[in-house]
Amino acid sequence: MKQLTILSGKGGTGKTSITASFVVLAKNAVVVDCDVDAPDLHMLLHPEVIKTQEFIGSKVAVIDKAKCIECGFCRQTCNFDAITSDLKVDAIACEGCGVCAVACPAGAIALTQRISGNAYISKTKYGFMSHALLYPGESNSGKLVTLVRQNAKILAEKENQDLIIIDGSPGIGCPVIASITGVDAALVVTEPTLSGIHDLERVLKLLDHFNVAPFVCVNMYDVNTDNTNKILSFCRESGIDVVGIIPFSSEVTQAMVNGKTIVEYSPESSVAEEITTMWRKLYLSLKSSDS
Amino acid sequence: MIVSIASGKGGTGKTSVAVNLALSVGNVQLLDCDVEEPNAHLLLHPDLQKTETVYSLIPLINEELCSHCGECSKFCQYNAIFATSEKILVFPELCHSCGGCALVCPKKAITWKKHRIGALKFGLAEGVELVYGELEIGKPMAVPVIKAVKKQIREGENVILDSPPGTSCPFVETVRGSDFCVLVTEPTPFGLHDLKIAVEVLRRIAVPFGVVVNRAGIGDKNVYEYCREENIRILLEIPYQRRIAELYSRGVPFSLEMPEWEEKFQTLYSEIRKSVSR
């Protein structure tokens, strides 16, 4: 089984639009949306949920007001400023560590499990999809990413699918790390802006740190061809394959407004053609890698 | 006044709005809280003044005192300590620095040591004092670095915070305590979807907010409809213009090249101030 993650570092470079197109082109791959706090992939793939699973991310402290002697010791010991001045738990700040429960001389504090979101297994026109939604403001997105990836793996095994396509989230922190551990390759979608280049370099270092094979795609390359050339020569020098160079096109936004991927909405467009070629290259190199 | 600039969806123009706002208002402190991928300095080109290392505190176990009872490991909610009868291991990347292990250790065998997780950088440019954080590559937890950036806030001054994308902990950590949050969105289905989630979070943590529509003219009209229905103020519209995109790509804040925007950002700031003091 092969796993490919699509990343970007910088947000808004086109990860999700490209991932959704790959899913259409791949036919029958299992797709995973690892952006669990602001997921968008479902708006292009229209999954029908077949199974919902509650996600318990961490615990949360609960103060029993009847037992509380208002000594304020919990507030003093909490390292997350999660106990307010009127001795209530700020559930958003609480990381569920349990220090307050140990510190409380009256035994008034307990840790309870909290549901931080839902994980879903769904069916789309193109195969199965594993995704999730974190409740607004909740933490533990990394753990939820791990859960949706496990769900995808189980699905792929059960359905005899040999390919998992993973849409990552922006950044380089815990949810991103959770979306690349153990994958066969990652495609970094960048744009020819100074920020795009800066963020690409950081993501490539992250992939190197976790020993994941990198590929690069320059999206909207014609916004600044000088910068595109810089990216191309940087990748050449670093021995990284640039598998796609995609022009800017307002059709991508039009496709999104119509709830479709660009390869469905405008299959003849140069963007769709470039994505299709890129997918073929990626698929071939995934298939030929032996690990 | 502390104003944070956030978005939900990535790449909607948070940093561009934050930097253009800071330059137009002047005499401000700009804190880039997107410590995973900080970009404000790429538009501001500040003179770098100094760099500080950011540490988290992780347990240091004194093997001579440790009786291998395993209480620390049992207590830790994050599986950051692994204990057997002979061996004890700390996993720094999993530790949240809650301090619980030291509290429960019956032998008082646990103290703290510093663990490097990132850096703080300080710079100056055109009346803007920039502080930005950089999470070290491979370190999972952005929040402690964001906290370190926010510690530099000078109360009572004009402070602008550039938030990371998303709506989970790094975003919440950034916008908590702001007097106002500007949500930058684009008029597309993705922009609207993520805006709605960000709005829910801000309502939950009671931070007042308004919307800036960037790349106005692309996509559809649903963002406007949503804002009208929800009674959310649209503070500013920035049209989609090739010139703005091209300036951004070269690291030039567009208000410097298109001076008519300086006044628009100043008006945006005074509108926010009015709404905060109300």
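Helices here are DSSP runs of H or I with at least four residues, strands are E runs of at least two, and both are numbered from the N terminus. This is a predicted model, where local features need pLDDT of at least 70, side-chain atom pairs count only at pLDDT 80 or more, and totals for chains, interfaces and linings use all residues. Residues are numbered from 1 along each chain as its sequence is written, while chains are lettered from A and ligands numbered from 1 in the order in which they are written.

**View 1. The end of helix H9 of chain A.**

**View 2. The buried side of H9(A).** Which residues of helix H9 (residues 250-257) of chain A are buried? They are Val252(A), Thr253(A), Ala255(A) and Met256(A). They sit on the same side of H9(A), because they cover an arc of only 155° around the axis; that arc is taken from the directions from the helix axis to the C-beta atoms. (Buried means that 20 or more other C-beta atoms lie within 10 Å of a residue's own, with C-beta atoms placed from the backbone.)

**View 3. What H9(A) packs against.** Within chain A, the partners of the buried residues of H9(A) include helix H1 (15-26), helix H2 (42-45), helix H10 (262-265) and helix H11 (270-288). Chain B joins in too, with helix H7 (189-204).

**View 4. Where chain B meets chain A.** Each chain brings residues to this contact: 52 from chain A and 52 from chain B. (Two residues are in contact if their C-beta atoms, placed from the backbone, lie within 7 Å.) On chain B's side, helix H4 (100-104), helix H6 (169-175), H7 and helix H9 (242-249) each supply at least two residues. H7(B) gives the largest share of that side, eight residues.

**View 5. Chain A as a whole.** Look for eleven helices and nine strands in chain A. Its C-alpha atoms fill a box of roughly 70 × 40 × 40 Å, taken along the principal axes. Of the 291 residues of chain A, 53% count as buried.

**View 6. Two domains in each chain.** Domain bounds come from an automatic or database domain assignment. Chain A gets domain 1 (2-46 + 125-288) and domain 2 (58-115), with 40 Å between their centres, taken over C-alpha atoms. Chain B is divided into domain 1 (2-54 + 124-277) and domain 2 (63-108), and the C-alpha centres of these two lie 40 Å apart.

Terms used: A residue is buried if 20 or more other C-beta atoms lie within 10 Å of its own, exposed if 12 or fewer, and partly exposed in between; C-beta atoms are placed from the backbone.
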